[in-house]
Amino acid sequence: MDRTEIKEGEYHPSADNALQWFNHWKQDSKKYFMAREAISSTALAGNRLAEICSGTLDRLEKGEPVSDRYLLGLCWFLKEMDEDDGR
């Protein structure tokens, strides 16, 4: 087994940090609900990235399992949204 590859059933080590970041990020309820609404609206318009992020948010809100790549993708997207707002 190549030590540089993630084993089957193993999650990406950065997923723990991503979940911690997400839980901190969502504490700003105004920002969270504004982002949630924007993502949901864009998903309804057929944007694939928004559809995936919306589904991931749904699962997180329900306490359902979320794969590491979905979590990492969501956090990256939200982080980029924050950075774009700051410009």
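Phe33 is exposed, with a relative accessible area of 54% (exposed means over 50%, buried under 20% and partly exposed in between, with a 1.4 Å probe and protein chains only). The model is predicted: local features need pLDDT of at least 70 and side-chain atom pairs pLDDT 80 or more, while totals for chains, interfaces and linings use all residues. Residues are numbered from 1 along each chain as its sequence is written, and side-chain values use heavy atoms, without hydrogens and water.

**Aromatic residues**
- Five aromatic pairs are found in the whole structure (ring centres within 6.5 Å, using the six-membered ring of Trp; planes under 30 degrees apart are stacked, over 60 edge-to-face, the rest tilted).
- Trp21 and Trp25 are stacked, at 6.1 Å centre to centre and 20° between the planes.
- Trp21 counts as partly exposed at 27% relative accessibility, whereas Trp25 counts as buried at 6%.
- Tyr32 and Phe33 pair edge-to-face, with 5.2 Å between centres and 75° between planes.
- Tyr32 is buried, at 8% relative accessibility.
- One aromatic cluster is formed by Trp21, Phe22, Trp25, Tyr32 and Phe33.

**Charge over a ring**
- The charged end of Arg59 sits over the Tyr70 ring, 5.4 Å from its centre (NZ of Lys or CZ of Arg within 6 Å of the ring centre and within 35 degrees of the ring normal).

**Contacts of Ile39**
- Leaving out residues up to four places away in sequence, Ile39 touches Ala50, Cys53, Ser54, Leu57, Phe77, Leu78 and Met81 (contact means heavy atoms within 4.5 Å).
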